[in-house]
Amino acid sequence: MRTSWLGIFIAVVLVGMTAVADAQEPAIVVAAGTPPQRAVATALDAVCPHLAGATGPAADLRNRCTELVTQASNPALRGQVELALQQ
């Protein structure tokens, strides 16, 4: 009987840890549906903050990053974010 209680305890702890990890991920990473989309989303999450004050083509990238991050926070637009991350 101890083994089954231990197994249940471990399962509850692991599920709780997964929920906490997901809650800490940026919305754009959460919106990514596939591993390649997740890689692009993670890269954008790292690069976008460094584009503040950018001009020219970098400003275009900054604007698109801002748009994607904002849309990823809206559950109704997450499908569009997934499509954008595929391109």
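Contact here means heavy atoms within 4.5 Å. The model is predicted: local features need pLDDT of at least 70, side-chain atom pairs count only at pLDDT 80 or more, and totals for chains, interfaces and linings use all residues. Residues are numbered from 1 along each chain as its sequence is written, and side-chain values use heavy atoms, with hydrogens and water left out.

**The chain**

The chain has five helices and zero strands. Helices (H or I, at least four residues) and strands (E, at least two) are DSSP runs, numbered from the N terminus. Buried means under 20% relative accessible area, with a 1.4 Å probe and protein chains only.

| Chain property | Value |
|---|---|
| Share of the 87 residues that count as buried | 21% |
| Share of contacts with a separation of 6 or more that join residues 24 or more positions apart | 43% |
| Share of the accessible surface of about 6000 Å² that belongs to carbon and sulfur atoms | 66% |

**Helix α4**

Helix α4 covers residues 57–72. Its 16 residues should span 22 Å at 1.5 Å a residue, and its end C-alpha atoms are 23 Å apart, which agrees. The expected span is 1.5 Å times one less than the number of residues. Ala 59, Cys 65, Leu 68, Gln 71 and Ala 72 are the buried residues of α4. They pack against α2 (27–31), α3 (35–47) and α5 (78–86).

**Gln 37**

Gln 37 sits in helix α3. Gln 37 is buried, at a relative accessible area of 2%. Its side chain reaches the backbone nitrogen of Thr 34 at 3.1 Å. Neighbours within four places in sequence aside, Gln 37 is in contact with Ala 32, Glu 82, Leu 85 and Gln 86.

Notes: Buried means under 20% relative accessible area, exposed over 50%, partly exposed in between (1.4 Å probe, protein chains only). Accessible areas come from the Shrake-Rupley method with a 1.4 Å probe; for residues, only the protein chains shown count as cover. A polar contact is a pair of N or O atoms within 3.5 Å; within protein, one must be able to donate a hydrogen and the other to accept it, and residues adjacent in sequence count only if both atoms are side-chain atoms.
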